[in-house]
Amino acid sequence: MRFKLIGATAAVALLSSGSAFAQSGNLTIWSWNVAASALKSTLEGFNKQYPDIKVTVEDLGNSQVFDKTLAGCAAGGDGLPDIVTIENFEAEIFWNRFPDCFANLKDLGYTAEIQAKFPDFKRTELEVDDIAYAMPWDSGPVAVFYRRDFYEKAGVDPATIKNWDDFIAAGKKISEANPGVVMAQADFNGDSEWFRMIANEQGCGYFSTDGQAITINQPACVATLEKVKQMKDAGTLTAAIWDQKIQANTAGKVASQMYGGWYEGTIRSGSPDLSGKWGVYMMPSLTADGPHAANLGGSSLAINANSENKEAAWAYLNYALATNEGQVTMLKSFGLVPSLLSAVQDPFVNEPLPYWGGQKVWADILSTLPKIVPSRGTAFQSDADAIYKAAQTKYFAGGYPDAKAALDDAANQIASATGLPIAE
């Protein structure tokens, strides 16, 4: 069920500039963690323009939003809010399984001019044929967030950490100089985060960029899994889930966390008393002269096709995601990295930030965006990720002779589950 245009040209013009149809209504948005907080930070500015549209942001947690959205789409849209946060990585799962669950934003005012405000790599997974299912929100250029004091006490200069072997050596020094502090943490059982970040850095992923072949057992992915296991075996990476990482940050039990740039807001809001003690540096590579850029995360906002307030929902998307004011508000408040091209040129990006020891962290993080290799999620992302995680767990426990065998097995299982060929 989609909004049908009546007097298409006039309606689109009105909607894109704030139609009379969008002047009132009650909206509910599902999101999670710092993303939900970032959306809330836009409401003051939005309500100055639309005082009669009430927006309620519900923080349900990442997995809950995914599961509940799948269930809602399977039920024909029943139970879904007006607006849903969807990760780009998983977006094609929804469009493929439930093509009628979300409104076509082009029917609501998402013109070619607005689309052009976003980079192509952010839109690829959100648009199918002539349908725009969602609008790009944030991206996740990867960086290493580190405790300046722990590194300094160990005599480690992050500028000297060029490859992952350097990272392992630095981790040993840092843990020795700071008893009880680990170098970094990873969710080995519940997530594939470190593998995906380093594999993306090396130009590899579960699938080819056109989504037509399985590439998880290509040499760059094999080298990535080998290196992650080396870091685990060396004690450089220790197991921790999301909440445990946040607790370790605040308690001073971890020296580094590697995530997408959006993690800046997680650290700053979760550990406010540690202002000045954190810094940022670019991720190491497999070789000193290798690539040092990857993406992890990044989301979009989609409108429920059954929403009774689609026009008001569009007004909110257009303000929060397609204006510098909306995007930079979220960057300032909670570190949500804009996808909007004009927003990354905002003067705030080049400001030294006190929390980060006066470092211009956004200039450093965003400098990697042009170097990131696109990584396709595809409609089979959930299956592939589950298969990889099981293979990773088995490999770490000694269940495969080497990383190549582990990923060959994963590739074969993904091929059986998807029907896609394994790239040669």
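**Close-up 1. The loop at Asp129.** Asp129 sits in the loop between strand E4 (127-128) and strand E5 (131-132). The model shown here and in the other views is predicted. Asp129 is not a glycine, yet its phi is positive, at about 55°. Is Asp129 buried or exposed? Its relative accessibility is 79%, so Asp129 counts as exposed.

**Close-up 2. Asn33 in helix H2.** Helix H2 spans residues 33-41 and includes Asn33. The phi of Asn33 is near 45°, a positive value in a residue other than glycine. Asn33 has a relative accessible area of 27%.

**Close-up 3. An open sheet of 3 strands.** The strand order is E10-E7-E11, and the pairing is antiparallel. Strand E10 (256-260) and strand E11 (278-281) form the edges, each pairing on one side only. Neighbouring strands of this sheet are turned by 30° against each other on average, direction ignored. Strands of a sheet pair through backbone hydrogen bonds. Strand E7 covers residues 142-147 and is joined to E10 by 5 bridges. In one of these contacts, Val142 has Gly260 of E10 as its bridge partner.

**Close-up 4. Helix H12 against the sheet.** Helix H12 is formed by residues 242-251. Helix H12 lies across E7, E10 and E11. Relative to E10, helix H12 runs at about 130°.

Close-up 5. The whole structure holds 28 aromatic pairs. Among them is the pair of Trp262 and Tyr263, with ring centres 6.2 Å apart. Their planes meet at 80°, so this pair is edge-to-face. Trp262 and Tyr263 are buried. How are the rings of Tyr355 and Trp356 arranged? Their centres lie 5.3 Å apart and their planes stand at 65°. Edge-to-face requires an angle over 60 degrees, so the pair of Tyr355 and Trp356 is edge-to-face. Tyr355 and Trp356 are buried as well.

**Close-up 6. Lysines over aromatic rings.** Which ring does Lys229 lie over? Lys229 lies over the face of Tyr395, 5.7 Å from the ring centre. Lys232 has its charged end over the ring of Phe188. Here the distance to the ring centre is 5.8 Å.

Note on methods. Residues numbered from 1 in each chain as written. Predicted model: local features only at pLDDT ≥ 70, side-chain atom pairs only at ≥ 80, totals over all residues. Heavy atoms only, no water. Pairing = 2+ DSSP bridges. Helix = DSSP H or I, 4+ residues; strand = E, 2+ residues; numbered from the N terminus. Axes fitted to C-alpha atoms, helices over the stretch in contact; angles between N-to-C directions. Contact = heavy atoms within 4.5 Å. Phe/Tyr/Trp six-rings, centres within 6.5 Å; stacked < 30°, edge-to-face > 60°. Buried < 20%, exposed > 50% of the residue type's maximum accessible area, 1.4 Å probe, protein only. Lys NZ or Arg CZ within 6 Å of the ring centre and 35° of its normal.
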